[in-house]
Amino acid sequence: MIKKEMIAMLLAGGQGSRLGVLTAKVAKPAVTFGGKYRIIDFPLSNCINSGIDTVGVLTQYQPLRLNTHIGIGIPWDLDRNVGGVSVLPPYEKSTNSEWYTGTANAIYQNLEYMETYNPDYVLILSGDHIYKMDYKIMLDYHKANNADITIAAMPVPIEEASRFGVVVTDQDSRITEFEEKPEHPKSNLASMGIYIFSWKVLKEALIKLKNQKECDFGKHVIPYCFENNKRIFAFEYNGYWKDVGTLSSYWEANMELIDIIPVFNLYEEFWKIYTKTDALPPQYISKDAYIEKSILGEGTEVYGQVYNSVIGTSVTIEEGAVVRDSIIMQGTVIKKGSVVNKAIVAENVTIGENTQLGVGEEAPNVEKPKIYNSGLVTIGENSVIPDGVKIGKNTAISGETTPEDYPDGMLPGGGIIIKAGEDE
Amino acid sequence: MRAIGIILAGGNNKMMKELSNKRAIAAMPIAGSYRSIDFALSNMSNSHISKVAVITQYNARSLNEHLSSSKWWDFGRKQGGLFVFTPTITADSSYWYRGTADSLYQNLHFLKSSHEPYVVIASGDGVYKLDYNKVLEYHIEKKADITMVVKKLDDKSDIKRFGLVSMSPEGRITEIDEKPIETNLSTASIGVYVIRRRLLIELIEKAAEEDRHDFVKDILIRYKNLKRIYGYKLESYWSNISTVNSYYKTNMDFLDKDIRNYFFKEYPDIYSKVDDLPPAKYNYGANVKNSLVASGCIINGLVENSVLFKKVYIGNNTVIKNSIILNNTYIGDNAYIENCIVESNGTIKANTRYVGEKNEPKIVIENGVSYLS
């Protein structure tokens, strides 16, 4: 008989549209982070480090990169005879086939998967947060409280609390009130989107709510259980936890890694973060290169200068190029004499010779000012930037651009160039 | 596949001095991220040889740790796999491996139970890329009994530690001179052989009967006129690391762009065990010039013309020049290290100074407890 005390269900189907061109072709959990990782590595590593060896990864939006990254789970030791990692996309059914319409709906559509493992508890995770957390301790807490649901929650500044699901607790940490993105929050304890459910409670709620449109944990399942007087507890977490849902929070979280002793320390032996390694060779730093306050991935070659930056694997920074305050992802080439300031450059981009990124004054983005702001230049994967052009702040570029796309050799601040890919 | 592979990784060499106290030569770290045996293992894997035996004897702890999972080289398969043979006491034998031929004899079962017609034998101390299928095709075309891979060496000063050969114009080996005192030959055997499996079994059994144990002296040299032994010339990069100076030079070779690109960028790749270390980190005060830096390093000082292996910490105001710093080493503040090989898992205290001779690197062993655990 197959029996797992707790299995994890990892929601990785979201687009993460606030990351703009970074998620045009990949799901948010597959976006790279911290030089060599992808965002999903953090919850997956937390699972295996917490002793959870059965993880269902629910995918929907642009799953190719995610699928190849996860494979059969070898990097996380999740290749198991029983359990291990399973990628769970939506599938056609004899009646009532549908996409995953909400977080809880996605879990509902995989009841059978969970049933196979005969679990006592199910851990619900999302694939877009950066943190290290021992779910085992959370489970012990869940058991000690004889809880039906335990929600991980962390204190946030009260002015930011309205962005989150907020919980109000009594002196025993039992949740007495639950508000989803309230205008006037009654507490500063924000739900982190991490839940432990006792299996029977979860199953009952999901079946009961199966006809709920866009069934969501925060909006429907938790309120439903609350109304039915289930024992719901908050598990307070005080470590590092970062939602990297916007370009500025994504940029900041990366930049925090280059502090002398980062708050989120990847260099500790304990609680390693695992990832699929695409490049093995060491990095090469040439005699004319200079690097300061930066982290660099394997196989990268630097002939120019790098300051305050996070550089991925197999990146080439050529002679005379200067990179500052930027995130450069895997496989990108920055050619001779180019200057890159405060940019996020996605995977396999070619930046031509003597270009300048991040010049001039800030201007609001002409199309999506809520996405492209904070003075960042954002360049989507596989883009090409021609030689000699200048690119202003709050800009976004995606696709193979040519000099004709840059009137007067310039994309002014707030500009945007999206060129359709070859397959569209 | 038409061949099985055997990697002879049992050896030690006095010329490695203190570096071999810790590990077999095949486990020596190379080029920041690799171990010596990765090159032979990757060549086997890239040549689609799916069943490989590694024969180890001397100080195999480090090597066994490296080989603890065969999946990095893609050998974890139902068809084939990676086998590690260390000497064991059996009903018939309580000897260590007394030589290369004896190590094969003691594992004759592996050869007998395979069904592939050919065997590729390689050593664990060579740094090179080679598609063994090309050697096998040459072997078949020449109707050879044994083919040995040979390399013309330009550096005459370092030549006498190899088996040297002379060849007829069509490639037949006419002379084999093992580690000669005096010689005018300049083509060396690199320790890679292709031979038919049944012939190998026959030759090994005959040698054992006569109480002979060495593959080169007791088989190749004695049979050179009796059997058709051919030489396959290797034209690409090859280096043997089994002396301190050649080990140092081989690592420094990777600072050369052409050699680096040949191994790191050109197809096929060299594989190694994955260590899951974070990206290398450069703090204020870091100044790195013409060097290789592996993952997990944290740098606060000056590093020039050097190779830093995985998880090396360089303190503030510390200067590292023309040196190789092996894995998991902590070097404190204000240290000065030039022309050295710093042994792994050590701690160099602040304000320490070690300077070796140019082209005669000093081996630095500090057995302090590592700060980086």
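Student: What area is buried between chain A and chain B?
Tutor: About 3200 Å², with 53% of that coming from carbon and sulfur atoms. Buried area here is the accessible area (1.4 Å probe) that two parts lose on being put together, summed over both.

Student: Which residues in chain A lose the most area to chain B?
Tutor: A:Y267, A:L280 and A:P282, together 21% of what that side buries.

Student: What should I know about the model and the numbering?
Tutor: This is a predicted model, where local features need pLDDT of at least 70 and side-chain atom pairs count only at pLDDT 80 or more, while totals for chains, interfaces and linings use all residues. Residues are numbered from 1 along each chain as its sequence is written, chains are lettered from A and ligands numbered from 1 in the order in which they are written, and side-chain values use heavy atoms, with hydrogens and water left out.

Student: How many residues are in contact across chain A and chain B?
Tutor: 43 residues of chain A contact 40 residues of chain B, contact being heavy atoms within 4.5 Å.

Student: How many salt bridges across the interface?
Tutor: The rule finds four between chain A and chain B. A salt bridge needs a side-chain nitrogen of Lys or Arg within 4 Å of a carboxyl oxygen of Asp or Glu. B:K265 forms one with A:E301, the closest N and O atoms being 3.6 Å apart.

Student: In which sense do β14(A) and β16 of chain B pair?
Tutor: Antiparallel, over three bridges, with β16 of chain B covering residues 291–293. A:I285 stands opposite B:S291 there. Strands (E, at least two residues) are DSSP runs numbered from the N terminus, and two strands pair if DSSP finds at least two bridges between them.

Student: New topic. Where is A:T355, and what does it touch?
Tutor: A:T355 is in the loop between β26 (350–351) and β27 (356–359) of chain A. Not counting residues up to four places away in sequence, A:T355 touches several residues, including A:G337, A:I385 and A:D387.

Student: Why does A:T355 count as buried?
Tutor: Because its relative accessibility is 0%; buried means under 20% relative accessible area, exposed over 50%, partly exposed in between (1.4 Å probe, protein chains only).

Technical notes. Helix = DSSP H or I, 4+ residues; strand = E, 2+ residues; numbered from the N terminus.
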